[in-house]
Amino acid sequence: MESTSRDDAERRPTGSAVLRESVTETIRRAVFEELAETGFARMSMEAVTRRARVGKAALYRRWPAKEAMVVDLVSEAAAAHLPATADSGSLHDDVERFIRDTVADLRHPLVGRIIPDLVAESARNASLSAALHDAVLAPRRAAVATLLHQAIERGELPADIDMSLAVDLFGAPLYFRMLAVGGPTDDAYIARVTRAVLAALAASR
C-alpha cells in the first residue's frame with residue numbers, strides 16, 4: 001500500500017504543472033461558455049481570454065487558432081463520453097444504456113446549445129466539418145459499430161445489416177428529439193425509443 005501511495009504521489013502534477021492544468025481548466029470552461037453564448041462564428045480568442053481572465057499568450061501557447069482550440073477541447077470532451085463497448089451480452093441493454101447516457105449528456109445546458117451551433121457551422125465551414133468528423137464523429141460511430149458487431153456475433157442482428165445505416169439509427173432519433181423538436185425524455189420515452197431502435201436495427205438490411 002505504501003508503494004502504491006508513493007507511486008500515485010509521484011504521478012500527481014506539482015508546482016508549475018498544477019498551475020498549468022488549472023489555467024487549462026479555466027480556459028476550457030471559458031471556451032465552452034463562450035461557444036454556448038455567442039456561437040463559433042462570433043467567438044474570438046480575445047473573448048475567451050477576457051472570460052477566462054488570462055493573457056493571450058496562455059491561449060496561443062496551447063493552440064494556434066480558434067478552430068484548433070475548439071476542435072481540441074470538444075474532441076477531448078467527446079472522448080470522455082464515448083459509448084461503453086464492453087460486451088454486455090444484450091443489444092437491448094446496449095441500446096438502452098446508450099440512450100440513457102446520451103440523454104444525460106444532452107441535458108447539460110451548454111451541450112444542448114453548443115452541438116446545434118457546431119453542426120450548423122460545419123455546413124458552412126469545410127475545414128471545421130472535417131476536423132470534427134475525424135475527432136468527434138468517427139470515434140463515436142466506431143464505438144457504436146463495435147456494439148453492433150458484438151450483437152451480430154451473438155446472433156441478435158443479421159450479418160448483412162447496412163452497418164452505416166444501423167449506426168445512424170442507433171442515436172439519430174434521440175438527437176433529433178432533444179436538439180430539434182424537443183419533448184419529454186423520461187423513462188417511458190426511453191423504453192419506447194429503445195424498442196423502436198431495436199426494431200429498426202433488425203430491419204436495416
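Visitor: Leaving aside residues up to four places away in sequence, which residues does serine 122 touch?

Guide: This is a predicted model, and in it serine 122 lies in helix H7. Once residues up to four places away in sequence are left out, the residues that serine 122 touches are Leu128, Ser129 and Leu132.

Visitor: Does serine 122 count as buried or exposed?

Guide: A residue is called buried when its relative accessible area is under 20%. The relative accessibility of serine 122 is 14%. Serine 122 therefore counts as buried.

Visitor: Is valine 136 buried or exposed?

Guide: Valine 136 has its place in helix H8. The cut-off for a buried residue is again under 20% relative accessible area. Because its relative accessible area is 18%, valine 136 is buried.

Visitor: What distance separates the C-alpha atoms of valine 136 and glutamate 76?

Guide: Not counting residues up to four places away in sequence, valine 136 touches Val74, Ser75 and Ala78. Glutamate 76 stands 60 residues from valine 136 along the chain. The C-alpha atoms of valine 136 and glutamate 76 are separated by 8.5 Å.

Visitor: Which residues lie closest to the centre of the largest pocket?

Guide: The largest pocket holds about 1300 Å³ of space. It is lined by 40 residues, and those closest to its centre are Ala78, Ile115, Val136, Arg140 and Tyr175.

Visitor: Which helices each supply at least two residues of the lining of that largest pocket?

Guide: The chain has 10 helices and 0 strands. Those that each supply at least two residues of the lining are H2 (16-38), H5 (66-79), H6 (91-106), H7 (109-124), H8 (126-153) and H9 (163-181).

Visitor: Which residues of helix H3 are buried?

Guide: Helix H3 spans residues 45-52. Arginine 53 follows H3, and its phi is positive, near 60°. Within H3, the buried residues are Met45, Ala47, Val48, Thr49 and Ala52.

Visitor: What share of the contacts in the chain with a separation of 6 or more comes from residues 24 or more positions apart?

Guide: The chain has 205 residues, of which buried residues make up 35%. Its C-alpha atoms fill a box of roughly 55 × 55 × 30 Å along the principal axes. Among contacts with a separation of 6 or more, the share from residues 24 or more positions apart is 68%.

Visitor: How far apart do the centres of the positive and negative side chains lie?

Guide: The chain has 26 positive and 29 negative side chains. The centres of these two sets lie apart by 7 Å.

Definitions and conventions
Residues numbered from 1 in each chain as written. Predicted model: local features only at pLDDT ≥ 70, side-chain atom pairs only at ≥ 80, totals over all residues. Heavy atoms only, no water. Helix = DSSP H or I, 4+ residues; strand = E, 2+ residues; numbered from the N terminus. Buried < 20%, exposed > 50% of the residue type's maximum accessible area, 1.4 Å probe, protein only. Contact = heavy atoms within 4.5 Å. Lys, Arg positive; Asp, Glu negative; His and termini not counted. Charge placed at Lys NZ, Arg CZ, Asp CG, Glu CD. 1 Å grid on protein atoms, 1.4 Å probe; cavity = no way out; pocket = protein on both sides within 12 Å on 5 of 7 lines; lining within 4 Å. Points joined across faces, edges and corners; volume = space filled by probe spheres on them.
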